[in-house]
Amino acid sequence: MSEKTPSTPTRLCPTCGTRLSPQAERCLVCGTHLENGVKAAKPPRAVSSTRVPYVTLSLPATIGLLALFLGVGAVLVYFAMGQAAAQAVQPTDTATLTPTSTATFTPTPFTPTPTDTPLPTLTPLAYTVKLGDNCGSIAFAFNVSIQSIVLQNDLPASCTLVEGQRILIPQPTPTNTPLPTVTLNPVEQTEAACEKVEYTVQENDTLSAIAFNYNVPMAAIREYNGLVNDVVRFGQTLIIPLCQRNATPGPTPTPTLPPPYPAVNLLLPADGAAFSLADESIVLQWASVGTLRENEAYAVALEDVTSGEGRKLVSYVVDTKFIIPAEFLPVDVIPHVIRWWVVTVRQVGTDEDGNPVWEPAGAVSVARVFTWTGGALLITPTP
């Protein structure tokens, strides 16, 4: 490489120092207008300056360098894309929202606690013992038991009282009078007590033949089955009322005893009722269990639980009431507690003396009690 000095005269641009031709009116580089009509000056003296060295390469070398630059660029681009892909493949941590449980208030149902309401206690009555008083007369006058007076006043078992002594009389406990149960009328009682059997009509059967076999009138069979004539059908079910059999014996089924009767329901008097000489009579009443047969009856039993001998009385009646005989009731002034009950019985024979022998034909009723005072009252109770 060698430096050459231009032989053609030039002029310099006063702005950028670019060499221009002597006739140039404007700088081609910075656009500065040059003075017009200026003649070409005498070429200045050549000034030697340092120029940038340059290298002249052949065409193959230039192509080789260009290929080298392209290969290096491709390698750099490949590595850059690999790093970008790796960064794209790596998962990005994503914040996961964790649900926070919120406490929910669940109201607890309020269950009221049952509170026992105490029953009102009856205040005992104060009483001053008078001449001739005893525990039996006082108990009868106030309709209470002797035992309650003894317990209320902490008295000895003999219940000894002194004139002028103040004692407390417990008020009697009220008892609910049971309501009378519904009883059947005589027609319904007869219908309920009638024994019946069912018979299925067989082939070639007639109503007259069925009536003859059971010794029951044809009219009774027609009435119980709602028949308008004497025609019966094969397979028809008929109700045969055995309670309406004819008096003459006939080929009837083997008679069976009815099932035991239910317990008798006692009606009057009420449990715990009090009676004295002022009452003309004491009538016991109970509800019917149905129509009784000829060999059946009600056994009424009474027992004087106050008497030391335990006096008892048993009577047999077919009615639903019984009047207590006067000779059974004691005549002393001490109140007597008498228990009574009723049971349905059936006669099964007679003993050696010809008296009927009875056996229970149903359940025994619930026992009731009443009090009886046969003597005159000696005191007038003062509440």
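A quick word on terms: buried means under 20% relative accessible area, exposed means over 50%, and partly exposed is in between (1.4 Å probe, protein chains only). This is a predicted model, where local features need pLDDT of at least 70, side-chain atom pairs count only at pLDDT 80 or more, and totals for chains, interfaces and linings use all residues. Residues are numbered from 1 along each chain as its sequence is written, and side-chain values use heavy atoms, with hydrogens and water left out.

Q: Which two cysteines form a disulfide?
A: A disulfide here is a pair of cysteine sulfur atoms within 2.5 Å. Searching the whole structure turns up 1 of them. Its sulfur atoms sit 1.7 Å apart, and the partners are Cys 194 and Cys 243.

Q: Is the disulfide of Cys 194 and Cys 243 left-handed or right-handed?
A: Go by the torsion about the S-S bond, which is about -75°. That value makes the disulfide of Cys 194 and Cys 243 left-handed.

Q: Which cysteine sulfur is nearest to that of Cys 16?
A: Cys 16 is in no disulfide. At 36% relative accessibility, Cys 16 counts as partly exposed. The nearest cysteine sulfur is 3.5 Å away and belongs to Cys 27.

Q: Is the pair of Tyr 127 and Phe 142 stacked or edge-to-face?
A: Rings of Phe, Tyr and Trp (its six-membered ring) pair if their centres lie within 6.5 Å; planes under 30 degrees apart count as stacked, over 60 as edge-to-face and the rest as tilted. By this rule there are 6 aromatic pairs. For Tyr 127 and Phe 142, the centres are 5.6 Å apart and the planes stand at 70°, so the pair is edge-to-face.

Q: Is Tyr 127 buried or exposed?
A: Phe 142 has a relative accessible area of 12%, which makes Phe 142 buried. Tyr 127 has 2% relative accessibility, so Tyr 127 counts as buried.

Q: Is the pair of Tyr 316 and Trp 358 stacked or edge-to-face?
A: The ring centres of Tyr 316 and Trp 358 are 4.9 Å apart. With 10° between the planes, this aromatic pair is stacked.
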